[in-house]
Amino acid sequence: MNTIPRELLLVFGSVQRVMRAEKAARDAGLEVDAAPAPRSVSSQCGVVLEARLADAAALKEVLGAIDLEPQSGFRRRGETWVPS
């Protein structure tokens, strides 16, 4: 069961990159999850990293430390996703 509010989605372009980001974030104590990508966000690899919007700065720092930058990010706005 998914307990993370889907407020922030990060697209990495490959499942391997999503899994690497998820591991690094969890190792840093952040609550993240790999999840199926909504079609409106990405049709490339089909998986995104979802996180709390409040953790965005910490997540950016963790990903920077392992030289892994998402291709794009999206925030929830109502029932849709908007580029962030």
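Modeller: Two strands are taken to pair if DSSP finds at least two bridges between them. The model under discussion is predicted.

Biologist: In what order do the five strands form the open sheet?

Modeller: The protein chain holds two helices and five strands. The five strands form an open sheet with antiparallel pairing. Across this sheet the order is β2-β3-β1-β4-β5.

Biologist: Which strands stand at the edges of the sheet?

Modeller: In the order β2-β3-β1-β4-β5 the sheet is open. A strand at the edge has a single partner strand, so one side of it is left without a neighbour in the sheet. The strands in this position are β2 (32-36) and β5 (80-83).

Biologist: What does the twist average from one strand to the next?

Modeller: The value refers to the step from one strand to the next and is an average. For this sheet it comes to 35°.

Biologist: Which residue of β3 is the bridge partner of Leu 9?

Modeller: Strand β1 covers residues 8-11 and strand β3 covers residues 47-51. The two pair in the antiparallel sense over three bridges. In β3, the partner of Leu 9 is Glu 50.

Biologist: Which strands does helix α1 touch as it packs on the sheet?

Modeller: Helix α1 comprises residues 15-27 and packs on the sheet. Its direction makes about 160° with that of β2. The strands that helix α1 touches are β2 and β3.

Biologist: What angle does the direction of helix α2 make with that of β1?

Modeller: Helix α2 (residues 56-65) also packs on the sheet, where it touches β1, β2 and β3. Angles run from 0 to 180 degrees between N-to-C directions. For helix α2 and β1 the angle is about 20°.

Biologist: Which residue of β4 stands opposite Val 11?

Modeller: Strand β4 spans residues 72-77 and runs antiparallel to β1. Four bridges join these two strands. Opposite Val 11 stands Ser 72.

Biologist: Which residue in the hairpin of β4 and β5 takes a positive phi?

Modeller: Strands β4 and β5 run antiparallel and are joined by four bridges. Arg 77 stands opposite Thr 80 in β5, and the hairpin has two residues between the strands. The residue with a positive phi, near 65°, is Gly 78.

Biologist: Is Glu 22 buried or exposed?

Modeller: Glu 22 and Arg 26 both lie in helix α1, four residues apart. They form a salt bridge whose closest N and O atoms are 3.2 Å apart. Arg 26 has 43% relative accessibility and therefore counts as partly exposed. With 10% relative accessibility, Glu 22 counts as buried.

Biologist: How many salt bridges does the structure hold?

Modeller: A salt bridge requires a side-chain nitrogen of Lys or Arg within 4 Å of a carboxyl oxygen of Asp or Glu. Among them are the pair Lys 23 and Asp 27 and the pair Asp 33 and Arg 26. The number in the structure is four.

Biologist: What is the relative accessible area of Lys 60?

Modeller: Lys 60 lies in helix α2. Lys 60 is exposed, and its relative accessible area is 67%.

Biologist: What is the radius of gyration of the protein chain?

Modeller: Read along the sequence, the protein chain follows the pattern β-α-β-β-α-β-β. For 84 residues the globule rule gives 12 Å; the radius of gyration is close to this, so the chain is as compact as a globular protein of that length. The radius of gyration is 11 Å.

Biologist: What share of the residues of the protein chain counts as buried?

Modeller: The accessible surface of the protein chain comes to about 5100 Å², and 50% of it belongs to carbon and sulfur atoms. A residue counts as buried under 20% relative accessible area. Of the 84 residues, the buried share is 38%.

Methods:
Residues numbered from 1 in each chain as written. Predicted model: local features only at pLDDT ≥ 70, side-chain atom pairs only at ≥ 80, totals over all residues. Heavy atoms only, no water. Contact = heavy atoms within 4.5 Å. Buried < 20%, exposed > 50% of the residue type's maximum accessible area, 1.4 Å probe, protein only. Rg over C-alpha atoms; globule rule 2.2 N^0.38 Å. Areas by Shrake-Rupley, 256 points an atom, 1.4 Å probe, with all protein chains shown as cover.
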